[in-house]
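This report describes a protein model for a reader who is new to structural analysis. Please keep the sequence and the model in view while reading.

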Amino acid sequence: MDAKAAIKAVKQGEVSSVYLLYGSEKYQMNEFAALLESQLLTKEDKDFALIHMDLGEAPIQAVVEEAETVPFMVPRKLIFVRDTSVFTAGKDNSKIEHKIESLLDYMQNPADYSVIVFMVQNEKLDERKKVVKAVKKVGTVLSFMPLGGEELLKWVEKQAAKQDCSFAPGAADALVRNAGTALQTLAGEIDKLCLYAGSGGRVDEETVNQMVARNTEQNVFALVEDIANLRIDKALAIFYELLKQREEPIKIAALITRQFRIILHVKTLSKQSYSQQQIASQLGLHPYAVKIAGEQARKFEASRLENILNHLGDLDYKMKTGGVDKVLGLELFLLRLGA
């Protein structure tokens, strides 16, 4: 079952006794947790029915004991359990002894008055573990991974629509380019933009650029985009703005190098028929970043990207050894790219 089907089931009153939520997209995971809370508990019941536990502080058998304990003054209890090791691979550094058998036994006959929700901030589960197999068999396992490039833009527009606000063509893309791909950050910026636009209002690209400030990494992202499109005057303007913000030129150069390296990797993997999601997984990047890097990659030959990276390597050495003035060195590099 995927997250959409699970959301529909919960709204229809079909709730599992055990949920296992995992993935790196914390915002959507928390949204699903909030949905469970709103569907299963009333405000008056929460003091007695809502329980939070952490397997880094309590053994799993304590979770089972809590689930088996009849709720006091409420019909049902909801138990959120944070985990970093029971369901994943890797060494458990905590000194707590988890008796997994207690959970395996519990799942054979779960209490009908308790819902356990395990929340795992990890991209992968250890499929070899009995406990993972057991939850898949009797409970609901949901993956919350970063949205793909187009999915992310649709998500932005959908969030705006919930506030009776719409985004003009290009505005959602501008927002992601300025604010990044973190859903929590994007949600806050959407709230701000829709409040500015007012009920029934429309947010355009110009409004996004005026109201959503870019951080250093997003500025470098835009700088490389301008380089790719031979807009060297705009690239230099971003560079000077970063200097005004007291950003270290060596750091700026390192971020530029990182982006060009990503572009080269994406270009190479695309030629090998890797999908956007596969490339994102391979490089440890958000799918949207891969989408943009792919667009930038089409504007460069692989040999030119390798040449640019070689120049950046030489520039890094000279900047760190005093062989060139750091600001002047970066200026000359940007000007040569546009020549």
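## A network of charged side chains

Glutamate 295 and arginine 177 form a salt bridge through their side chains, with N and O 3.7 Å apart; a salt bridge is a side-chain nitrogen of Lys or Arg within 4 Å of a carboxyl oxygen of Asp or Glu. Glutamate 295 belongs to helix 15 (residues 287–297) and arginine 177 to helix 8, so this pair ties together parts that are 118 residues apart in sequence. Helices (H or I, at least four residues) and strands (E, at least two) are DSSP runs, numbered from the N terminus. Salt bridges that share partners join Glu150, Asp173, Arg177, Glu225, Lys291 and Glu295 into one network.

Arginine 177 is buried at 18% relative accessibility, and glutamate 225 is buried at 13%, whereas glutamate 295 is partly exposed at 25%. Here buried means under 20% relative accessible area, exposed means over 50%, and partly exposed lies in between (1.4 Å probe, protein chains only).

## Basis of the model and overall form

The model is predicted: local features need pLDDT of at least 70, side-chain atom pairs count only at pLDDT 80 or more, and totals for chains, interfaces and linings use all residues. Residues are numbered from 1 along each chain as its sequence is written, and side-chain values use heavy atoms, with hydrogens and water left out.

The chain contains 17 helices and seven strands. Its C-alpha trace spans about 75 × 50 × 40 Å along the principal axes. Of the 339 residues, 48% count as buried. Contact means heavy atoms within 4.5 Å; among contacts between residues at least 6 apart in sequence, 77% join residues at least 24 apart.

Five strands form an open sheet in the order 2-3-4-1-5, with parallel pairing; two strands pair if DSSP finds at least two bridges between them. Strand 2 (50–54) and strand 5 (140–143) stand at the edges with a single partner strand each, so one side of each has no neighbour in the sheet. On average, neighbouring strands of this sheet are turned by 15° against each other, direction ignored. For such angles, axes are lines fitted to C-alpha atoms (for helices over the stretch in contact), and angles run from 0 to 180 degrees between N-to-C directions.

Strands 2 and 3 pair in the parallel sense over five bridges. Leucine 50 stands opposite leucine 78 in strand 3, and histidine 52 stands opposite phenylalanine 80 in strand 3. Six of the seven residues of strand 3 are buried, so this strand is largely enclosed by the rest of the structure.

## Aspartate 83 in strand 3

Aspartate 83 lies in strand 3 (residues 77–83). This residue is buried yet has no salt bridge, and the nearest side chain of opposite charge, lysine 129, is 7.0 Å away. In this count of charges, Lys and Arg are positive and Asp and Glu negative, while His and the chain ends are not counted.

## Serine 114 in strand 4

Serine 114 lies in strand 4 (residues 114–120) and is buried, with a relative accessible area of 2%. The side chain of serine 114 reaches the backbone oxygen of alanine 67 at 2.7 Å. Apart from neighbours within four places in sequence, serine 114 is in contact with Ser17, Ala67, Lys77 and Tyr106.

## A further salt bridge

The whole structure holds 16 salt bridges. One of them joins the side chains of aspartate 126 and arginine 128, at 2.9 Å from N to O. Aspartate 126 is buried at 8% relative accessible area, whereas arginine 128 is exposed at 66%.

Key. A polar contact is a pair of N or O atoms within 3.5 Å; within protein, one must be able to donate a hydrogen and the other to accept it, and residues adjacent in sequence count only if both atoms are side-chain atoms.
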